[in-house]
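Here are some exercises to work through with the model open beside you. Try each task on your own, then follow the solution step by step.

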Amino acid sequence: MCRAMSFEAAKVVVEPASCLHDEAVSLSVDGLEPGQDITLEASMPDSREVVIFSYSHYKADDNGRVDVNTMESLGGSYKGLFPMGPIASLSPMLQKHKHRRFFKEDVKKPNLVTLAAFKGHLNYDELLNGNRREPLSTTSHMRHYMAPGVQQIPVRHGNLRGCLFLPPGDGPFPGVIDLYGSTGGLVEHRSAQLASRGIASFALAYFGYDDLPKTLEEINISYFEEAVEFLLEHEKIVKPNVGVLGLSKGGELGLSLATFIPEVTAAVSINGCISNSMVKLNLHSRAIPGLKYDIEKVELKNGIGDWSEVWNNPMDYPETIIPIEKANANFLFLVSCDDKNWKSEMYADIAVKHLEKAGRQNYQVHKYPEAGHLIEPPFSPFNWAIYHRVLRGNIFVGGTLRPHVEAQAHAWEATLRFFRKHLQNSGVQKGKL
């Protein structure tokens, strides 16, 4: 009788129940038997109804409580003390979706995390069994990309295709162009989160979206000049300069924008190349050729491509190197040392050598051991391999769960500080929900 009452009293608690996506929460389970074994499951669907989930094993303390902030997981998706482990370790539930990146189509809608506590230490197969036991307790937790008052403004202006996110209030706010990599399309979640932290962000597509070219065949600097002009014409943007934030090919493009567009005076490159890569970059009077790769050097491991040794060394092709030492800008290099996409650490080292040789001190570098290629805002789902839609295959991107999660948190705060310092931010939005 007492045991049944104890089970009925079990309760999963998340505090706060609703928050911004880059915020940590406290997770606990109360009302358990002293010393009781439980499995804590977290699950969350994306816009394609691909469910990502995690599970972890805990033992209640003498008071019948599991506190994820202070207690170690004994097994499951992770082991040891990992306060945000249930959310940070979310990955595709089904094997057929194993390397699918989490996709969010509508950033206005929060992600809904369901947390459930089960009696005993259940394994992966038991949790996926349609006849699994009923949970002791479940609760829901909402994680928002957009703080209250953030404006989302689709942009179809001239040649430009993208979406502008403005922080709450009258501004003016520092303005940033937000660029992603060689998979193309329009990615909005990071811009929404920047705006939630007081930075106006223009998520800019440059191929594979709307009526833009379907494939990446060449890049014109004039397209990005148009984007800078558009941003600076907005009444809520701090004048006279803007910043750029880019990941992978977007990071490399950010270096080019800061070098060839005078109004771009703050650039954050996340695992970008120091060379213009793949396709030529057309300037007004000349073009920078693209650094090439040797497809024969792709190494397949269990059907997953390792591209880390594929790319040519920029030092052997100096005509492809972006002359960042000529830029009137500040640079922040965020570098993953376990990047399996390409040699980000080497590229950053080359960039620093070029700047130092020119007597420049306008840069910061943060290196992250055991972090992989895809450094996203905090608590974004982690992938060590992904399906690349342009390459039409699975590729390694690298990283180990916990170091990668820690790298994302540090990189995000470093990015916010950098833009606030160099783009004259007059205030910081807390964005609490």
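**Exercise 1. Find which backbone oxygen the side chain of Y206 reaches at 3.2 Å, and then describe the surroundings of Y206.**

Solution. 
Step 1: The side chain of Y206 reaches the backbone oxygen of G181 at 3.2 Å. This is a polar contact (a pair of N or O atoms within 3.5 Å; within protein, one must be able to donate a hydrogen and the other to accept it, and residues adjacent in sequence count only if both atoms are side-chain atoms).
Step 2: Look at Y180 too, whose backbone oxygen lies 2.7 Å from a polar atom of the Y206 side chain.

Before going on, two notes on the model. It is a predicted one, where local features need pLDDT of at least 70 and side-chain atom pairs count only at pLDDT 80 or more, while totals for chains, interfaces and linings use all residues. Residues are numbered from 1 along each chain as its sequence is written, and side-chain values use heavy atoms, with hydrogens and water left out.

Step 3: Place Y206 in the chain: it sits in the loop between β15 (200–204) and β16 (219–220). Strands here are DSSP runs of E with at least two residues, and helices are runs of H or I with at least four, numbered from the N terminus.
Step 4: Check the accessible area. Y206 is buried, at 11% relative accessible area, because buried means under 20% (exposed is over 50%, partly exposed in between, with a 1.4 Å probe and protein chains only).
Step 5: List contacts (heavy atoms within 4.5 Å). Setting aside neighbours within four places in sequence, the partners of Y206 include L179, L212, Y223, F224 and L253.

**Exercise 2. Work out how strand β13 is enclosed, and which strands it pairs with.**

Solution. 
Step 1: Count buried residues. In β13 (residues 160–166), seven of the seven are buried, so the strand is largely enclosed by the rest of the structure.
Step 2: Sort the side chains by direction. L160, G162, L164 and L166 point one way, while R161, C163 and F165 point the other way.
Step 3: Find the partners; two strands pair if DSSP finds at least two bridges between them. β12 (residues 151–157) runs antiparallel to β13 over seven bridges, with P154 bridging to C163. β15 is also antiparallel to β13, over four bridges, and here G162 has L204 as its partner.
Step 4: Inspect the turn. The hairpin of β12 and β13 has two residues between the strands, and G158 takes a positive phi near 60° there.

**Exercise 3. Trace the order of the six strands in the open sheet.**

Solution. 
Step 1: Recall the general idea: strands of a sheet pair through backbone hydrogen bonds, either parallel or antiparallel.
Step 2: Read across: the order is β2-β11-β10-β4-β5-β9, with mixed pairing.
Step 3: Identify the edges. β2 (18–20) and β9 (91–92) each pair on one side only.
Step 4: β2 and β11 (residues 137–144) are parallel over three bridges, and L20 has H144 as its bridge partner.

**Exercise 4. How many residues of helix α4 are buried?**

Solution. 
Step 1: Go through α4 (residues 189–196): eight of its eight residues are buried. Among them are H189, R190 and L194.
Step 2: Continue just past the helix, where G198 takes a positive phi of about 90°.
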